[in-house]
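The model discussed here is predicted.

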Amino acid sequence: MKFNIRGENIEVTPALREYTEKKITKLEKYFTDTTEAIAYVNLKVYNGKKTKVEVTIPLPQLVLRAEEVNDDMYAGIDLITDKLERQIRKYKTKVNRKFRELKSNDLFVSTPSQPAKDEADEKELEIVRTKRFDLKPMDSEEAILQMNLLGHNFFIYTDAETNTTNIVYRRKDGKYGLIETV
């Protein structure tokens, strides 16, 4: 696995780089040999001495991403590794099952069967309701107003200028984000 480690308001010391690489490299045991993964790690320090660790690992069929805010950078790295490991275990059975059906190579290494917890995770991902509606052309400001009127955290709409499907969403910090499709 290759690493792209970046620091915001913090110097990435050799010790911090080594610790981060050591922890995240442990995830390699879940990947097949053919996977050329690059881990993008962003380490931030805020004014209140809070730290934030963000890790993104784009893979051919999915993107693993996790972030953690903690008082201690090293503890945050440990928690991020645990989160990513849980994500891999959760997706592993579904992804491998899907690719076996398509008769293509597995993305993850086969491991002994997981405990019954994976079965519970599958039930949590069951779709229990489907909605269909026409996307009204509008701009992002109108989409945010519609989202707030509905009390939702996101809103899908057709951009009036580009005629593409876009998504506005409310971020954890209370501000808004926009996802544009191409």
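## Sheet

Two strands are taken as paired if DSSP finds at least two bridges between them. On that basis, four strands form an open sheet in the order β1-β2-β3-β4, and their pairing is mixed. The edges are formed by β1 (2-8) and β4 (63-70), each of which pairs on one side only, while the twist from one strand to the next averages 10 degrees.

Between β3 (residues 51-58) and β4 the pairing is antiparallel and runs over eight bridges; within this pair of strands, E54 stands opposite E67 in β4.

## Helix on the sheet

Helix α1 (residues 14-25) packs on the sheet, where it touches β1, β2 (38-45) and β3. The direction of α1 makes about 135 degrees with that of β1.

## Nonpolar cores

The largest nonpolar core has 24 residues, and those with the most contacts inside it are L43, V55, I57, L64 and L84. At least two residues of this core come from each of α1, β2, β3, β4 and α2 (73-101), with α2 giving the most, namely five residues.

Leaving aside residues up to four places away in sequence, L84 touches L27, V55, I57, L64, R65 and A66; of these, V55, I57 and L64 are also listed with L84 among the residues with the most contacts inside the core. Apart from this core lies another, of seven residues, which include A143, F155, Y157 and V168.

Conventions:
Residues numbered from 1 in each chain as written. Predicted model: local features only at pLDDT ≥ 70, side-chain atom pairs only at ≥ 80, totals over all residues. Heavy atoms only, no water. Axes fitted to C-alpha atoms, helices over the stretch in contact; angles between N-to-C directions. Contact = heavy atoms within 4.5 Å. Core = buried A, V, L, I, M, F, W, Y, C linked by side-chain atoms within 4.5 Å. Buried < 20%, exposed > 50% of the residue type's maximum accessible area, 1.4 Å probe, protein only.
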